[in-house]
Amino acid sequence: MSWRIGIDIGGTFTDVVAFNEKTGSRKALKVRSTPKNPSESFLNGIQSLREMGIQSSDISMVMHGTTVATNAILESKYSEMGLIVTSGYREMLECARQTVPGDFGDIVTWIKPPRVVPLELVREVPGRLDYKGDEIRPLDEEAVREVAREFKEIGVPAIAVSLLNSYRNPSHEEKVREIIKDEYPSCYVSISTDVIREYREYERTVSTCLNTGLMPLLSSYVEKLTEQLENTQTRTHFYIMQSSGGLTDSETIKRQPISAVLSGPAAGVVSAASLAKTSDFSNLITLDMGGTSTDICLIENGEPKMLTEGQIDVYNIKTPMVDMTTVGAGGGSIAWLTAGNSLRVGPESAGSEPGPACYGFGGEQPTITDAHLVLGRIPTSLADGSVVLNREASRKVIEEKIAVPLKLTVEEAAEGIIQIGTENIARGINVVSISRGQDPRMFTLYPYGGAGGLHACRSADILKIKRIIVPLLPGLTSAEGLLLTDIRADEVITDVQREDDLDIEKLQSEFKIVCEKSVNYLKNEGFNEENLKILCFIDFRYWGQAFEIRVPVDLPSNGEVSERMIRETINKFHRFHLDRYGYSYENKELVEIVNIGATGVGVLNPLRPADFNCNSRDLKDALVGENKMYVTQNGESGFYPVPVYDRYKIPVNKSFEGPAIIQQFDSTFVLEPEWTAQVDNLGYIICEKKGGK
C-alpha cells in the first residue's frame with residue numbers, strides 16, 4: 001500500500017491526484033463533476049485511477065476536499081431543524097447582531113438575513129447556568145421530553161441545542177441530548193458545546209444550527225462515499241479536509257460538518273504553505289481561480305493566517321478556518337450590463353451546468369472563459385481533449401450581449417470582460433494584504449486553479465508584484481494539497497481573564513483538558529508520541545475590544561503554566577496587534593484572555609516529489625504551435641502570433657520571454673509581455689517582471 005489519493009470536487013471538474021509514497025511519482029486526472037450527485041464523480045475518479053494501474057490494494061489513504069457543506073449553506077439546502085434554547089431566549093436568532101454590512105447608509109435599506117431556524121421551530125426549556133457555569137436553576141427534564149416528543153410528532157429530522165453559558169459547563173446540554181435520544185432515537189442532534197465551546201451566544205447558536213442542519217446531508221454523503229470505497233474493495237483510511245487546513249476522520253465530519261465549510265479551498269493553501277516552508281519563497285499570496293470564484297490567501301513566513309470565526313454567505317460561523325477572502329470572479333463568471341449599460345462581471349456564475357457558452361451545454365450568457373477563448377488566450381480543448389470549446393459560440397454571445405449594446409468590437413468587449421474580472425481579483429488581494437498592513441509588492445503571487453494562470457500576470461501588474469510561481473499541477477493544486485496535509489484536532493475553551501487578575505491554576509487545568517483531548521483523538525487515529533505534536537494558543541484582546549487575536553503559546557514540555565509564560569505571550573500579542581493593525585496599546589490598555597486552546601497535529605510521512613524530468617535541451621522542443629492572441633503592447637492592440645509551449649517539455653533553467661502561452665492538461669498559463677519565465681528542477685514555473693529585481 002503505497003499510494004495516497006487526493007480527490008477535490010469542484011463546481012466544474014473533480015480533480016484527482018495520486019502520489020506514490022515510495023517513489024515520489026504522481027498520477028493526475030480530471031473528471032467532470034456531477035453537481036446533482038457529487039459522490040458519482042468521486043467514484044469515477046477512483047475507477048479512472050484503477051484504469052491507470054493503481055489497484056485498490058495499493059491505496060494507503062484517501063483524502064477528500066468537498067464543497068457539499070458550503071453549497072448547502074449558500075443555496076439554503078440544509079435540513080429543516082428545531083432549536084432548543086434557555087427560557088427567555090427564544091428570539092436569539094431574531095435579535096442577531098446590530099452590525100450592518102456596507103456603508104452607514106445601508107442601515108436604511110438593509111434587511112436581516114433569513115433565520116437559520118424559523119421562530120415557530122424554536123422551543124424554550126427552563127434551567128439556568130450563570131456566567132461561571134454554576135447552576136442557578138436545575139434543568140426541567142420533563143419539559144425537554146415534551147419538546148422532543150413534539151418535534152418527533154411533527155417530523156423535524158434534526159434538533160440543535162444551545163443553552164445560555166453552556167460553554168462554561170456542558171452538563172445541561174449533555175442531559176438534553178440524552179433525553180432527545182431517548183425519546184426520538186432517529187433524530188440528528190448536536191449541542192453547542194460539541195460544535196464550538198466558546199462564548200458569544202448568537203454566533204455559537206448560528207454555528208450549532210447550521211451544523212445540525214448539515215448533519216443529515218453530510219452523513220448521507222459520507223456514508224455513500226464510504227460504501228463506494230468498500231464496493232471497489234478499497235479498504236483504507238478515509239479523511240476529509242477541514243476549514244482549518246487539517247484532515248479529520250469521516251465520523252467526525254458526520255458529527256461536525258460545519259468544520260468542512262471551506263474544505264476544498266483550504267487544501268490549496270496547504271499546498272502553497274508547503275512550498276513556502278521548504279523554499280526561499282516564504283511569503284506568498286495565493287490565487288485560486290476556479291469556475292465560480294477566486295479564493296485568495298496571504299501566507300507569511302510559511303504560515304497562513306488563521307481565524308476563529310468567519311462568514312459564509314450572510315452567516316457568521318465560529319469554527320477554526322484559514323483566513324481567506326473570496327471574490328465572485330471565476331472562469332464561469334457571467335458578464336452582464338446594468339440598466340445604465342455599465343459592464344459588470346460576476347458574481348453569478350454559469351457553473352458546470354450549463355457552463356460557459358463555448359462548452360456547448362446550453363450556456364447563453366458570456367463568461368470570462370468565453371472572453372479568453374475569443375482572444376486566443378486558451379486552446380480550443382481542455383482536460384486532454386475531454387472538453388472541446390466552440391469559439392464561434394463565444395463570439396456570438398459576447399457580440400449579442402455585450403459588444404453590440406456598448407458599440408464595441410467583439411475583441412474590445414472580451415478584453416473589457418477580462419480586465420474587469422482581473423480588477424475584481426486585485427481588489428480581493430488588497431483585502432488580504434494592504435488592508436491588513438502588508439505590502440503585496442513584498443510577496444510572490446502563487447496562482448492555481450483552472451483559470452488562475454490566465455489572470456496571474458495581469459493581477460501582478462495591477463499590484464506591482466514582481467514575481468509569480470506556478471505549481472506543477474495548477475489545476476489540481478487543491479487535490480495535491482490534500483496529500484500534503486496532516487491530521488488535525490482543535491480544542492478550545494472560553495475563559496475570560498484580565499491580565500491584572502490571572503488565575504494561573506485554572507489556566508493550567510484548562511490547558512491540560514484541551515491538550516489531553518487532542519492527544520486522545522490522535523492516538524485513537526493510530527498516532528504515537530513520535531508522530532504527533534500539540535500546538536497551544538491563547539486568544540487575546542484589549543479590554544473593551546469586541547474581537548480577539550490568536551497567539552501561539554510556548555508551553556514547556558512538562559505542560560506547566562506559569563505567570564511568566566503568560567506575560568511573555570501577552571508581549572507577543574502586542575506585537576501581533578501592531579503587525580495586523582499598525583498600532584498597539586501596550587502600557588496603555590489592559591489585555592484580556594478570551595479563549596485558550598490546543599491544536600493536535602498527527603504528522604503523516606512527508607511526501608517528497610521526484611525531480612522534474614525533462615529530456616528537452618532546447619525551448620524549440622517544447623513548442624507545439626502558435627496561437628493568434630489578442631495582445632496590447634507598445635500602445636497598440638491586435639492579434640499577434642504567440643508561441644504555445646507544452647509545460648512538460650520546457651527545459652529546466654532556460655529563460656524565455658512573453659507573450660507566450662504555456663498549456664497543460666489541467667490549466668493554461670499566459671505569460672504576458674514584459675514578463676520572463678523559466679522552469680526550475682521541481683517543475684515550478686518562476687516568472688519575473690522585466691526590470692523588477
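**Notes on the model**

1. In the contact between two helices, Arg395, Ile398, Glu399, Ile402 and Ala403 of H11 meet Val410, Glu411, Ala413, Ala414 and Ile417 of H12 (contact means heavy atoms within 4.5 Å; helices are DSSP runs of H or I of at least four residues, strands are E runs of at least two, both numbered from the N terminus). By class, this contact has seven nonpolar, no polar and three charged residues (Ala, Val, Leu, Ile, Met, Phe, Trp, Tyr, Cys and Pro count as nonpolar, Asp, Glu, Lys and Arg as charged, and the others, Gly among them, as polar).

2. The model is predicted: local features need pLDDT of at least 70, side-chain atom pairs count only at pLDDT 80 or more, and totals for chains, interfaces and linings use all residues. Residues are numbered from 1 along each chain as its sequence is written, and side-chain values use heavy atoms, with hydrogens and water left out.

3. Helix H5 covers residues 171-183. Its buried residues are His172, Glu173, Val176, Ile179, Ile180 and Glu183 (buried means under 20% relative accessible area, exposed over 50%, partly exposed in between, with a 1.4 Å probe and protein chains only). Seen down the axis of H5, these residues fall within an arc of 125°, so they line one face of the helix (the arc is that of the directions from the helix axis to the C-beta atoms).

4. Leu287 belongs to strand S13, residues 284-289. Leu287 is buried, at a relative accessible area of 0%. Leaving aside residues up to four places away in sequence, Leu287 touches residues including Ile425, Ile429 and Leu445.

Methods: Expected span 1.5 Å × (residues − 1).
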